[in-house]
Amino acid sequence: MVEQAEIRVVHQGGSNITFREPAISSDSRFLLCASGHNVKVFSTVTEECVQELRGHTDLVTGVLLRPSNHLQAYSCSADGTVRLWDFTDGILIKTYVIGYPICSIYASASHDGVIFIESVSLYSDKYGNRNSLLAVHLPQTAGQLVETSDLSAVLSDVSANPATVAFGRAGEYVASTNGVQLQIFFFKKQKFSLKENSCSGRRNTFTCVACHPTDDCIATGHEDGKIRLWRNFDQKREYTYRTLHWHHSTVRALCFTPEGSNLLSGGVESVLVQWRYQQESQQDFLPRLGAAITHIAVSPDGALFCTSHSDNKIVLIQSCVKVSSIIQGLVKGEAVQTDLMVDPRSKALVLNGKPGHLQFYSLQRDRLLFNLDVVQQEFIHQEGLDQFQVVMATLDGAGAWLATVEERKQETVEAELNLKLWAFDEPSQSFVLNTTVSTPHEVRITAVTFDPAARGQTSLLVSCGRDGLFKAWRLAPPAHPDDGGPSWTCDFVSGYHGLTPQRCCFSADGSLLAVGFQEVVTVWSPASWELLLTLSQPPGIIRDLCFGRLSCSKFLLGTTSSDQLCCWNLLTCSLEWSTSMEVSLLLADPLSDNMAAFCHQDGNTDLFVFKPSEPRPLFSQKAVCSGRVSRAVFAPREVALESCEESSQWLNRSQLYFLTICIPVFSPPSQLVVDDSVAMTPFQLLLGKRRPHHQAAVEDPAVRPRLTDVSLLLQLLQSPAHVLPAAAALCSVFMEALLGVATETSDPEEEEEEDSDQEMETRATRPERGLLETDSADPVLSRAQVRELRRVRKLDHSWFSSLLDS
Amino acid sequence: MASFKPTKIPVYPKLGEKVTQDTLYWKNYKAPVQIKEYGAVSNIDFSPVAPHNFAVTAFSRIHVYGPFSQEPVKTFTRFKDTAYCGRFRSDGQLLVAGCEDSVVRLFDVSGRVALRMFKGHTKAVHVTDFTSDRYQILTGSDDYTCRLWDIPNAAELSTYREHTDYIRCGVTSKLNRDLFITGSYDHTLKVFDARAEKSVMTMDHGQPVESLLLYPSEGLLVSAGGRYVKVWDLLKGGQPLVSLKNHHKTVTCLALGNNGERLLSASLDRHVKVYNTTTYKVVHNFDYAAAILSLALAPDDESIVVGMTNSILSIKHRKHTEESKEIMSQQRRRPSYRVFVKGKNFVPKPDDYLVSKPVKEHLAKYDRELKKFNVSKALDASLEIWLRKKKPEITVGVIKELDRRGTLKNALAGRDEEQLSQLLHFVIGNIVDTRFAPIILTAAEMILDIYKSVIGQSALIDQQLLRLQNILESEINLEQELLEVLGMLDTMFATSVTRKEVPYSDVGRSNGLAQGEASSSRPELQAT
């Protein structure tokens with residue numbers, strides 16, 4: 001039987017691991033952090049991801065260790081559930097359905113069986129939706145899916161930032177700040193002690209709060225960089241505070257160590273400051289942590305600190321002096337300014353990351369391989385400073401040369417530009433700076449590209465600038481033999497009627513260079529630097545240029561700003577065809593003659609894959625993703641596939657990765673932009689791991705959960721006995737599940753449909769199949785699932801009867 | 001925790017010529033000694049025997065100078081007219097010279113009166129030389145003939161009348177007593193064998209030949225004429241090897257230096273060029289005050305003697321190692337190597353417990369201040385380096401870094417008179433340097449903004465500000481003039497380059513056709 005080869009978009013990682021404060025397990029061996037729709041468990045020693053807790057169907061908004069059991073953790077999500085996990089084995093123990101999107105989760109040791117959540121829309125008053133802090137009494141019922149209804153509001157009008165709520169001394173009170181107001185709520189007296197707009201002035205808004213674990217002291221961080229220590233706040237009028245000032249801009253994170261001997265603070269300066277409690281004049285610093293600190297967490301034994309940074313990095317620090325390990329996710333700058341590239345050597349995705357750096361990101365392992373420091377200057381952490389940014393980067397065909405363009409914008413003077421050329425150094429396995437050209441063009445550079453010819457022996461680079469010139473740079477031997485190795489020098493400069501070149505592109509064999517000068521495409525011969533021909537398709541400025549590959553190498557494709565996709569035949573020098581579509585991105589597969597075009601329409605992006613020589617597109621999919629696709633790249637596969645279906649043949653030799661920009665539902669007030677890189681592949685290869693179908697259960701919580709899902713069944717069977725609920729409670733559910741499975745397996749013709757629980761996933765457009773799929777609302781089993789089930793049934797179930805006996 | 005990244009000091013390409021082995025070698029001469037002669041110095045010849053006196057032919061005299069004397073040790077004045085080509089015999093005992101009056105005279109270097117007079121030419125004799133057997137003399141004359149003479153009885157041995165113009169240069173073989181080569185204004189070089197009636201080889205130089213030179217091996221012949229220096233392979237029957245065109249006026253003289261590894265050519269364009277004889281690339285260049293007529297090198301390049309049209313003889317003597325050593329010994333003695341490796345080469349035993357010590361990174365003083373955000377002190381430290389080492393790159397690098405950090409204004413402000421004048425001194429010295437101008441202009445603007453309120457309080461500062469203003473004004477004028485020149489050049493280039501027509505002029509027309517075509521109704525591909 002031929003396996004079905006449906007093409008779908010898969011979220012390929014790169015999610016934000018520093019969205020919320022991470023949690024460190026009590027033995028300091030594991031670090032839990034929210035990562036997109038999952039919770040990731042990292043080893044603090046090896047930095048490897050040891051478990052991925054999958055189950056939430058929306059953004060996970062908080063991770064917390066269960067105070068009464070240090071092997072379990074709560075996680076809350078915007079899908080309105082709180083889940084209890086055994087994080088060492090990766091088992092979902094319980095799901096509490098709250099029903100409202102949850103922003104954050106808190107717990108305190110003295111409130112057993114109660115968790116506190118922050119949720120939006122429970123009490124909406126005349127001010128509109130305000131967040132409120134709710135206490136949730138977790139029912140002690142059996143069963144995995146628990147509906148909780150025992151909610152009680154503790155505080156209303158809470159800031160959406162989870163750092164602004166803290167529980168004090170053994171859970172006696174809760175402190176919350178919003179704007180310039182600090183509220184303290186005592187649980188015993190059931191009253192607010194302090195509700196003071198105490199800090200007047202423009203820039204001393206509260207940003208974060210932390211409570212001393214043993215003493216009556218609250219530390220608050222402010223926007224002006226001050227930290228205030230509040231005492232005596234149970235009296236109405238006689239509260240006192242003390243101000244500590246070291247940070248020059250906003251304090252983003254505050255944390256007391258478990259014994260209360262130290263206070264840790266961090267902010268944009270990316271310096272971790274350790275204040276001695278009661279001796280605040282003494283501070284210890286850990287400078288140059290790389291990026292702004294967003295969260296600080298301390299392990300329960302106080303030996304390990306962990307700081308989350310704005311560049312998607314978690315740093316583990318041992319006893320405030322030594323950085324022991326760094327967990328680095330895909331760095332998300334403000335925008336991906338460089339194009340996506342695939343390093344031919346390491347097969348890593350290359351894009352700009354930290355300011356002034358280029359990151360190499362492994363797609364297979366979802367890990368950052370390394371950062372290449374392009375700018376090589378001390379990064380000054382200060383807001384409003386013009387920093388050098390890597391705006392352009394390109395690799396040659398063999399990965400032996402890398403060209404980067406860095407730029408620093410200034411208001412008064414023209415931008416500072418540097419073109420750097422890096423050679424790959426075999427012994428050190430990294431790129432080494434070969435040539436620096438300062439101010440290669442007068443104004444900004446619009447495109448750089450290497451000559452693809454003669455693999456491994458690239459010696460030509462073309463750069464286009466806003467100054468109306470394009471320049472060819474050539475690798476030249478040194479003028480004197482004792483000058484060291486070869487370096488790059490300018491070989492040719494030309495323009496075309498003073499127009500601005502926007503795009504340049506080499507043909508696959510390097511014999512032709514196409515430069516798009518606004519409305520005109522000029523084709524040059526790099527061998528003689530002769531202008532061979534000009535092409536144009538007015539009106540509309542050329543936005544993208546691409547030569548066809550292999551059998552279609554006689555075609556030159558271009559998109560214009562007047563929504564035209566044009567294909568010129570270079571042999572007849574005439575327009576072969578053109579079509580009217582708004583192409584936002586056009587790219588060619590380097591290994592085949594296919595081209596991919598992303599079209600932006602009505603907020604969605606459509607994907608077309610076509611051969612320039614054939615009239616019919618090979619593949620098209622409406623609404624691949626929402627929002628605009630900003631960058632995309634074809635990554636070659638390690639092993640070519642043998643797929644026979646016509647629509648997926650184009651993916652046999654390479655995978656298409658693209659980068660979108662979308663805003664998650666639960667964006668904190670500071671407008672966090674998450675861009676996700678996703679991969680489109682035949683799903684049966686990449687989606688070996690299956691996701692459970694929770695959606696049905698969530699939608700209808702009254703229905704008793706049916707354990708129809710095989711993976712859940714498997715989890716149940718594989719999880720250790722001590723974490724499971726009572727066997728008596730489980731038995732009937734389990735039996736039912738098995739029965740259900742048996743009946744369903746009798747229907748093998750049923751087509752499988754995986755309802756994606758990730759926002760990025762969409763189905764392929766096969767119209768006839770699409771209809772079928774929308775009909776089948778109930779989750780049914782795929783063949784793979786059936787196979788797994790058969791394997792399950794072959795297992796020895798003798799333990800089960802003994803369990804029933806007990 | 002990443003370590004502090006030091007300030008990037010840009011490396012600028014060294015302007016001017018590269019320092020190579022050759023530059024060092026040819027620059028290692030003392031300041032030239034200049035001697036005024038009676039007329040244009042037409043020939044210089046070194047005696048082959050120590051102490052290597054040299055004979056200088058100028059107007060109607062030949063002076064013989066000792067290696068270090070500035071006064072002639074001997075003078076030959078018995079010429080009726082302009083003398084030409086005073087040359088020593090290989091034993092240094094005899095000297096021969098031609099004359100405008102067509103008589104060739106032979107002198108004893110210790111005597112004054114000519115030993116022999118060779119009469120027979122009808123016009124001025126510009127070429128004289130001894131053959132390698134020492135008993136014969138070669139002469140070449142403006143009467144188009146060259147002759148061989150016997151010294152003992154002053155008799156003419158043979159006459160060759162093959163040239164069709166003045167013979168102005170000639171050389172005899174040092175290995176074979178019968179071979180000699182002459183070059184003439186009829187553009188040809190001819191190789192003669194005294195045993196044969198006619199010339200045995202003829203080469204066409206293409207220009208009137210001014211000078212000839214045989215390599216010590218005598219396989220290669222170098223000829224100079226017009227702007228060209230040409231090298232001929234005699235063993236391959238006079239095949240041209242290289243043609244060098246590095247002068248922009250007539251090349252007048254040739255010489256070999258550095259044991260035959262370098263070739264020197266002197267020209268009327270006032271330059272002496274040094275070529276590498278393996279690659280024939282120019283490796284060095286000397287400049288002189290006037291057009292050069294003659295050039296000679298002492299054995300082992302001990303001195304370079306150049307005679308010019310303005311009758312100045314310039315002698316450069318080689319510097320010797322003893323003198324440079326003296327300078328070396330004046331330098332401070334450094335600690336010995338042992339001090340630096342002390343304890344570094346200790347190899348721990350296998351069961352030793354190693355205490356790792358963090359390597360202390362060394363930072364420059366300005367970097368240490370920058371690390372602590374002491375911006376003013378960092379600028380002070382970099383200015384100090386500039387004063388000490390006169391390297392503006394570092395100071396400019398620090399100013400750039402301060403500007404990037406947005407703290408340049410803070411660093412510039414709050415200075416007293418002395419510090420400010422130091423800063424202005426730096427700005428004045430480097431503001432017109434194109435490499436540094438953009439950033440120093442920014443800094444200068446800031447300085448003026450900050451300190452405009454204190455103008456008039458200090459005479460020193462006011463004076464410096466005035467100087468800055470003058471420098472800027474002259475620079476602006478200069479740039480304007482340069483732009484004018486550029487404009488003129490552009491028009492000249494534009495008229496000289498013929499405009500090339502772009503082929504496929506009908507492209508635009510054919511493109512317009514397919515405007516509304518959808519992708520489905522695409523025409524079928526043409527088989528091409």
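Which residue of β55(A) stands opposite A:Q601? The legends below, which describe close-up views of a predicted model, begin with this pair.

**Figure 1. A four-stranded open sheet in chain A.** The residue opposite A:Q601 is A:N604, which belongs to β55(A). Strand β54 (residues 595-601) and strand β55 (residues 604-610) of chain A are paired in the antiparallel sense, with seven bridges between them. Both strands belong to an open sheet of four strands, whose order is β53-β54-β55-β56 in chain A and whose pairing is antiparallel. The edges of the sheet are formed by β53 (583-588) and β56 (619-626) of chain A, each of which pairs on one side only. On average, neighbouring strands of this sheet are turned by 20° against each other, direction ignored. As a general point for viewing such strands, side chains in a regular strand alternate between the two faces of the sheet.

Figure 2. Strand β6 (residues 60-65) of chain A is mostly covered, as six of its six residues are buried. An antiparallel pairing over five bridges links β6(A) to strand β7 (residues 72-77) of chain A. Within this pairing, A:L64 has A:Y74 of β7(A) as its bridge partner. The two strands, β6(A) and β7(A), form a hairpin, and six residues lie between them.

Figure 3. Strand β39 (residues 416-425) of chain A contains A:K420. Is this lysine, A:K420, buried or exposed? With a relative accessible area of 2%, A:K420 is buried, because this value is under the 20% limit for buried residues. The side chain of A:K420 makes a polar contact of 3.4 Å with the side chain of A:E406. Leaving aside residues up to four places away in sequence, A:K420 also touches other residues, including A:V374, A:V375, A:L402 and A:L433.

Figure 4. Helix α6 (residues 392-405) and helix α9 (residues 437-451) of chain B have axes that come within 10 Å and cross at roughly 65°. The crossing of α6(B) with α9(B) is left-handed. From α6(B), the residues B:V396, B:I399, B:K400 and B:D403 meet B:I439, B:I440 and B:A443 of α9(B). By class, this contact of α6(B) with α9(B) comprises five nonpolar, no polar and two charged residues.

Figure 5. Most residues other than glycine have a negative phi, and most peptide bonds are trans. In chain A, A:W529 is not a glycine, but its phi is positive, near 55°. This tryptophan, A:W529, lies in the loop between β47 (520-525) and β48 (530-536) of chain A. A:W529 counts as buried, at 12% relative accessibility. In chain B, B:D300 has a positive phi of about 60°, although B:D300 is not a glycine. The loop that holds B:D300 runs between β26 (292-297) and β27 (303-308) of chain B. B:D300 counts as exposed, because its relative accessibility of 56% is over the 50% limit.

**Figure 6. A cis peptide bond in chain B.** The peptide bond between B:A50 and B:P51 is cis, with omega about 5°. B:P51 is located in the loop between β2 (41-46) and β3 (54-58) of chain B.

Methods. Residues numbered from 1 in each chain as written. Chains lettered and ligands numbered in written order. Predicted model: local features only at pLDDT ≥ 70, side-chain atom pairs only at ≥ 80, totals over all residues. Heavy atoms only, no water. Buried < 20%, exposed > 50% of the residue type's maximum accessible area, 1.4 Å probe, protein only. Polar contact = N/O pair within 3.5 Å; in protein donor to acceptor, adjacent residues only side chain to side chain. Contact = heavy atoms within 4.5 Å. Pairing = 2+ DSSP bridges. Axes fitted to C-alpha atoms, helices over the stretch in contact; angles between N-to-C directions. Left-handed = near helix turned anticlockwise from the far one by under 90°. Nonpolar A, V, L, I, M, F, W, Y, C, P; charged D, E, K, R; others polar.
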